Amino acid sequence: MYIASLSSSSTCGNAYIVWGDSARPVLIDCGLSIRRLTASIKEFGMEPQDLAGLFITHEHSDHVRAMCLVTPFAQKYSLPVYASRGFWKWYSRYSCRLERRLMRPIAAGEEVVVSGTRVKAFSKPHDALEPLGFVVECDGERAGFAMDLGHVTEEVRSCLRGIEHLVVESNHDVDMEKRSGRPWPLIQRVLGRLGHLSNDQAAEALSDLVTAETRQVILAHLSTECNTPEIARTVVLERLHKAGKKVPVLVAPAREIAVYS
Ligand SMILES: [Zn+2]
Ligand SMILES: [Zn+2]
């Protein structure tokens with residue numbers, strides 16, 4: 001199984017590709033311009049039409065930019081799009097031309113198989129309309145994606161515990177966020193139960209989620225203003241060490257492409 005982070009932050013957008021030796025690639029989120037998204041996909045010798053499907057976590061612009069166009073990315077390449085009913089309700093307000101046949105509602109707890117890749121959706125607490133996380137399975141391995149969540153629920157834990165590749169948000173350092181000088185309502189939103197995971201919250205969750213089966217942890221969706229890769233990684237590694245768990249901890253760059261296998 002291969003996981004590519006094309007971009008991972010609220011300022012630069014979010015998009016991830018997962019593929020296997022025997023499975024066509026799936027795209028998780030498309031928060032980049034079509035031009036940048038297409039160029040990033042081509043970096044791997046793939047074409048956008050090679051994708052088997054697009055899975056959308058929620059409607060915030062850093063996750064759906066390429067969908068909110070007169071001709072959305074998925075329409076241009078005839079790509080089926082899997083998203084929650086909440087997302088589709090929100091999307092119907094736009095005058096974007098995505099054919100109905102490409103709109104595939106998926107609910108938390110539901111599982112779909114697209115061209116050899118199994119994807120299971122789960123719900124997560126975030127200030128969006130029915131936001132989803134995904135567990136992608138191919139080549140006998142699983143990658144769990146949980147970005148943009150305010151806290152870690154028992155449902156999230158049970159979906160991610162023991163997964164081979166954990167892609168988990170480690171958004172901010174709480175003190176940096178509080179001292180950021182950002183508008184107070186924004187700070188409250190980020191720190192709130194429906195906002196984003198702090199480094200400490202991610203570390204606490206990962207000390208539970210990582211098992212002997214876990215091959216790597218990829219910290220994602222780091223704030224470019226209120227976090228650094230070094231701080232996030234250190235906090236998580238220390239907590240894992242305390243819990244007696246040893247696993248490589250990597251950080252998805254905010255804007256650059258990175259591949260993990
Ligand atoms: Zn986001
Ligand atoms: Zn969001």
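1. Strand β11 and strand β12 (residues 216–220) run parallel and are joined by five bridges, Val167 having Ile218 as its bridge partner in β12. This is a predicted model, in which local features need pLDDT of at least 70 and side-chain atom pairs count only at pLDDT 80 or more, while totals for chains, interfaces and linings use all residues. Residues are numbered from 1 along each chain as its sequence is written, and chains are lettered from A and ligands numbered from 1 in the order in which they are written. Strands (E, at least two residues) and helices (H or I, at least four) are DSSP runs numbered from the N terminus, and two strands pair if DSSP finds at least two bridges between them.

2. With strand β10 (residues 141–146), β11 pairs in the parallel sense over four bridges, and here the bridge partner of Ala143 is His165 in β11. From β10 the chain crosses through helix α5 (residues 154–160) to β11 in a right-handed β-α-β crossover; right-handed is used where, with the strands pointing away from the viewer, the path from the first strand over the helix to the second runs clockwise.

3. Is β11 enclosed or open to the outside? Five of the five residues of this strand (residues 165–169) are buried, so β11 is largely enclosed by the rest of the structure; a residue is buried if 20 or more other C-beta atoms, placed from the backbone, lie within 10 Å of its own, exposed if 12 or fewer, and partly exposed in between. The cover extends to both faces, with His165, Val167 and Glu169 buried on one side and Leu166 and Val168 buried on the other.

4. The sheet that holds these strands is open, has seven strands in the order β7-β8-β9-β10-β11-β12-β13, and is mixed in its pairing. At its edges stand β7 (111–114) and β13 (249–251), each of which has a single partner strand, so one side of each is left without a neighbour in the sheet. From one strand to the next the twist averages 20 degrees. Within this sheet, β8 and β9 pair in the antiparallel sense over six bridges, and the partner of Ser123 in β9 is Leu132.

5. Contact here requires C-beta atoms, placed from the backbone, within 7 Å, and the axes are lines fitted to C-alpha atoms, for helices over the stretch in contact, with angles from 0 to 180 degrees between N-to-C directions.

6. Another open sheet of seven strands, also with mixed pairing, has the order β6-β5-β4-β3-β2-β1-β14. Its edge strands are β6 (103–105) and β14 (258–260), each of which pairs on one side only, and its neighbouring strands are turned by 25 degrees against each other on average, direction ignored. Strand β3 (residues 23–28) runs parallel to strand β4 (residues 53–55), to which three bridges join it, and the partner of Val26 in β4 is Gly53.

7. Asp148, in the loop between β10 and α5, has phi near 60 degrees and counts as buried, with 28 C-beta neighbours inside 10 Å. Ser78, in the loop between α3 (73–76) and β5 (81–83), has phi near 50 degrees but is exposed, with 12 other C-beta atoms within 10 Å.

8. Pro131 lies in the loop between β8 (117–123) and β9 (132–138) and is buried, having 25 other C-beta atoms within 10 Å. Leaving aside residues up to four places away in sequence, Pro131 touches Thr57, His58, Lys124, His126 and Asp148.

9. The largest nonpolar core has 74 residues, of which Tyr16, Val18, Cys30, Val168, Leu206 and Leu219 touch the most other members; such a core is a set of buried Ala, Val, Leu, Ile, Met, Phe, Trp, Tyr and Cys residues joined through C-beta atoms within 7 Å. Beyond residues up to four places away in sequence, the contacts of Cys30 include Ala15, Leu37, Leu54 and Phe73.

10. For the protein chain overall, 48% of the 261 residues count as buried, and among contacts between residues at least 6 apart in sequence, 67% join residues at least 24 apart.

Methods. Two residues are in contact if their C-beta atoms, placed from the backbone, lie within 7 Å.
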